[in-house]
Number of protein chains: 4
Amino acid sequence: MIIVTKPDATEEQIQHVVDRIKEWGLKAEVSRGAQRVVIGVIGQEDVIREKPIAAMAGVESVTPVLKPYKLVAHEFRQTQSLVKVGDVTVGNSEVVIMSGPCSVENREQITSIARDVKQAGARILRGGAFKPRTSPYTFQGLGIDGLKMLAEAREATGLPVITEIMDTKDLEVIEKYADCLQVGARNMQNFSLLKEVGRSKLPVMLKRGMSATVKDLLMSAEYILSEGNFNVMLCERGIRTFETYTRNTLDLNAVPVLKKETHLPVVVDPTHGIGLREHIPQMALAAVAAGADALMIEVHNNPELAKSDGEQALMPDEFAELVARVRAVAQAVGRGA
Amino acid sequence: MIIVTKPDATEEQIQHVVDRIKEWGLKAEVSRGAQRVVIGVIGQEDVIREKPIAAMAGVESVTPVLKPYKLVAHEFRQTQSLVKVGDVTVGNSEVVIMSGPCSVENREQITSIARDVKQAGARILRGGAFKPRTSPYTFQGLGIDGLKMLAEAREATGLPVITEIMDTKDLEVIEKYADCLQVGARNMQNFSLLKEVGRSKLPVMLKRGMSATVKDLLMSAEYILSEGNFNVMLCERGIRTFETYTRNTLDLNAVPVLKKETHLPVVVDPTHGIGLREHIPQMALAAVAAGADALMIEVHNNPELAKSDGEQALMPDEFAELVARVRAVAQAVGRGA
Amino acid sequence: MIIVTKPDATEEQIQHVVDRIKEWGLKAEVSRGAQRVVIGVIGQEDVIREKPIAAMAGVESVTPVLKPYKLVAHEFRQTQSLVKVGDVTVGNSEVVIMSGPCSVENREQITSIARDVKQAGARILRGGAFKPRTSPYTFQGLGIDGLKMLAEAREATGLPVITEIMDTKDLEVIEKYADCLQVGARNMQNFSLLKEVGRSKLPVMLKRGMSATVKDLLMSAEYILSEGNFNVMLCERGIRTFETYTRNTLDLNAVPVLKKETHLPVVVDPTHGIGLREHIPQMALAAVAAGADALMIEVHNNPELAKSDGEQALMPDEFAELVARVRAVAQAVGRGA
Amino acid sequence: MIIVTKPDATEEQIQHVVDRIKEWGLKAEVSRGAQRVVIGVIGQEDVIREKPIAAMAGVESVTPVLKPYKLVAHEFRQTQSLVKVGDVTVGNSEVVIMSGPCSVENREQITSIARDVKQAGARILRGGAFKPRTSPYTFQGLGIDGLKMLAEAREATGLPVITEIMDTKDLEVIEKYADCLQVGARNMQNFSLLKEVGRSKLPVMLKRGMSATVKDLLMSAEYILSEGNFNVMLCERGIRTFETYTRNTLDLNAVPVLKKETHLPVVVDPTHGIGLREHIPQMALAAVAAGADALMIEVHNNPELAKSDGEQALMPDEFAELVARVRAVAQAVGRGA
């Protein structure tokens, strides 16, 4: 922690800051420049991070030196973490593809799509039973019935299932039917939910919030790990910017940055990220080239009748073609698909 | 709803769109331009809003004509809604000031601050018992003990109490001790929570998410009203932009825009909005000039020792001075304070 | 300047950084923490600011301590600067109002509007002769003819004239007819133009770019002052965010922040800032409450026929009403109007 | 153009809008819904685009149907445009790499780097002689001397040269020494400069502004084409968002979107886009996978001593390694490199 004082800070103010730092059991090193004094704080930075030093008289700025996240950081674990979803491992050299419809709509739909995506090469089945919708008047998902249909589709295909959790009180029932929990972008800082999934035995895919920085995302993951659940994947799914042509701005910069900062696997969701069906393939390929460990891509066998997000779902044959291209790029960057 | 076709759309594609619209019980009016065909959809737009028309072959763009929100709109209720928090009314000509510390820290602290802010002119007491913190390693609030202390501070001062709810399972206990629920920015699209508070008998203050548009905020409020709770206030508290000098960018544009779009009262929180203690007064005054119905301002009697957000809390005497200036501006724009 | 090293930085790397700092004639103070070494650099920070220290092996981050701007800073000049436009002073207790149409369209139009706004209380006449338009196919301004019409309107009313400069080669002719130069948002980082107006004898109003931070704006102003022209006003006119309801997001947070950082007067342009005619008055009032020294507001006597931006121009009577309200708020915050 | 009226619009207001449309020589088709009237405008939309219809009484919203750009659009030219820089063609199946230092610093530096990048596989040499710097106190480039050194480096290596133009008055001298003009992000809406380079015989690379939408970029390119210069390349170089970890947010979504909207070649600059040396390679590979026609990558042989942007320049050997990886990805997506 580095504290810089104002040009007009008095000696008493500076001494007061130094005294406080010592009270907290830390060491203060004072450097005097022409206009400002710089106080370096040595020791357990956590102790001091929470203190409102910026509120002290005479202080101009406070800059942390250490990162606020620990368990998710490479400094805690040097090697790449592997997350198992059913019998599929994410984080290895294989680029894992998760696929399925936005929402589970009925038994026939989900099983049929599950068969299609499996045949095309998907390894994990996605499908929403509890749906976060911006309008209360649109389809809210089938709930528990949807979970049961997902479990049946798993039985029919062998694909493990990932589905979204929106409320702490649904954890138990979702654990009964699914293989992996998804925390959506809108709940990325729903800290009650993060703590709850941190106590689950299931792996968790945490999606980046629309206005969350990479650091915010890592801090939210830290909540889950700090409760004991280390089986966490991070998912880039588009941020909100001024650009309106695309639904969101898929931020592929986050991929190499996350790979550097954390040992957790990184997933990219180009479907929500760009939100325009015709451009999803290029973004999927770019995500793999940027270093993503997995992709999540929505597929529907009749987008025109889909109950949600039909305009951004690929058709099964488009998806199959994309999987082949993903494999080619994955090999070009030295990994399988 | 207005549908524009691609320049190369075929007659079959256009006819298919028109047929679907009629199947849904709506009327389609087709206008043919030199390059594109425009299809106007007349009738209950809700029916069609959810349909993935953009997924249909030959469609270039789909533009809604009607607004997606209803109960919150002025078209539903022409007159300004009044929301009662205890015996205090928000939405009248008086600019109501809510104040108190970021977090409840102990009995003495909250009661003492409550007395200070009451004397200065605050009408509602704020204080966090359940705290949404970006780091799992910082103070998470006193929970139920904090609620009890708030209730005691209310008893000591007569000020009704507003406090944040973060989890559906906490509703019952918060209802027991508080007079108004706050849904924080990070939970603005926690739809499970919105539905739950929509079933509460307490009024709700809904804070705008950091990357939520005005329309998103209104849609989230619509969730609460659609469950039967019409006692909702909307709170602008700063959005996330590229500017890093301030903690957030308080978006005062939202004040006149919300006053035009909705009958619900509008609150502004300059404390979190700009996040810099010395600049909070000007933003509070500007909020009143822009038309805010209420202000929420954090006060602490010892910011240097505050357990959260001390660097942006006003001291009681600074707050008292600000209240006087707020009154002057409120009068200048034709309302009380 | 504070340099933090990576956890795995070697002693050689650290020594290399220290050696370089000494070569540049500065002093390096080294503090060793558990995981990282912090090197404080004492001396003329300018010398080092330009050096690519972050490119050195073993360096994790570099944080400047001093601000990169000098002449615009309060540390250079403690007192508020006054800028004279013709015989009107901006920066005093009076809130100065600049007004006029977006574009000069013809002699009759500009003179008539000039008379209207003068009568309502405007002190400076604005009007575009060279127009920055996003499309090459829309009205580009009358050029020199427009300048002459502005000069005639000045003669008719006595109001000094501000107009936009878009190209270094137009400086001479604009200096002949106008009293103040405006550098538009899109040219805020047109450094050739900044240097050129820095050598002019006319005062300059520099508008904030749509994605410029407060610091960027101050650095652009520094260009002008560093060429010798200290008669500079800064203008907040809306930034670009994710919000699409309003044309831009008028960032009133910039007002108190600029007042703190610089001695230059601060102007607010609510017309472009929010871009919706009906909401301009509230934002104008809020700007004054936030501390603006001047306002720039577009007025047209026939918005429906305006050649540019008609949808955001006030009618003369609306403007006159607004001026009265501006005066009331100005008085409430302790200044004239 | 589609005009939607307010719920309370009167018949007179609606008729007035219709009359105006007819005056302008266009056809108006009126559709009446339950709450609002929709007026479709058929005919040359350009005529009406500039009219302030939104300023008319009773109008709620105005939505254009046609795109505002013409010459840059695929509707104007179906085939991919090829742009020749010296004897190098951009827009073919080969992914062209442009490389060189941020600034020309001296004769030895630029020639040596030119040799290095040529040997590694670069086809075009970049180097700044006129430098847009945010601070007036940092290195501003060598100007004409820098241009001469670039020309010498071209002679030594055969690589054609691209360099930035910042001021209309420099066009003549730059045309004398360079093969391609670069308009930088900060000048993307310097319309005087756009018109000037539109009259040049040299090709132009236009960089996207930091807060420019894809549509804004296309409109700026339209300025150049409308002056007669069709040899234009568009360059994505990072936009400004709330994320501060990276210098900018390289927006690869723009690549497929631009490829769809325009026939002009698309270049990606990962160096400025992410701004962190260690992450440039992954973003370069991702750009190629997303469909970029060319890459611009900064290289310096001694980043630690570079006069600008040293922290984001690759070393020649890092660059050579990257070129090989770019080739592998280019082949995987079906093109050469």
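**Figure 1. An open sheet of 4 strands in chain D of the predicted model.** The strands follow the order 2-3-1-4, and their pairing is antiparallel. Strand 2 (27-32) and strand 4 (59-63) of chain D stand at the edges; each has a single partner strand, so one side of each is left without a neighbour in the sheet. From one strand to the next, the twist averages 20°.

**Figure 2. The pairing of strand 1 with strand 3 in chain D.** Strand 1 covers residues 2-5 and strand 3 covers residues 37-42 of chain D. The two strands run antiparallel and are joined by 3 bridges. For D:Val4, the bridge partner in strand 3 of chain D is D:Val38.

**Figure 3. The contact between chain D and chain A.** Chain D contributes 34 residues to this contact, and chain A contributes 34 residues. On the side of chain D that touches chain A, the elements giving two or more residues are helix 7 (214-226), helix 8 (254-261), helix 10 (280-290) and helix 11 (316-332) of chain D. Helix 10 of chain D supplies the largest share of that side, 7 residues. Sorted by class, the side of chain D that touches chain A holds 20 nonpolar, 11 polar and 3 charged residues.

**Figure 4. The relation between chain A and chain B.** Chain B is superposed on chain A by a rotation of 180° with 0.0 Å of shift along the axis, and the RMSD is 0.0 Å. This is the relation of a two-fold axis. The C-alpha of chain B nearest the axis belongs to B:Ser211 and lies 2.8 Å from it. Of the interface residues of chain B, 100% are also interface residues in chain A, so the copies meet through the same surface.

**Figure 5. The fold of chain A.** Chain A contains 11 helices and 14 strands. Its C-alpha trace spans about 75 × 45 × 40 Å along the principal axes. Chain A has 337 residues, and buried residues make up 60% of them. Where contacts in chain A link residues at least 6 apart in sequence, 65% of these contacts join residues at least 24 apart.

Notes:
Residues numbered from 1 in each chain as written. Chains lettered and ligands numbered in written order. Predicted model: local features only at pLDDT ≥ 70, side-chain atom pairs only at ≥ 80, totals over all residues. Pairing = 2+ DSSP bridges. Axes fitted to C-alpha atoms, helices over the stretch in contact; angles between N-to-C directions. Contact = placed C-beta atoms within 7 Å. Nonpolar A, V, L, I, M, F, W, Y, C, P; charged D, E, K, R; others polar. Least-squares fit on C-alpha atoms with pLDDT ≥ 70 in both. Buried ≥ 20, exposed ≤ 12 C-beta atoms within 10 Å, placed from the backbone.
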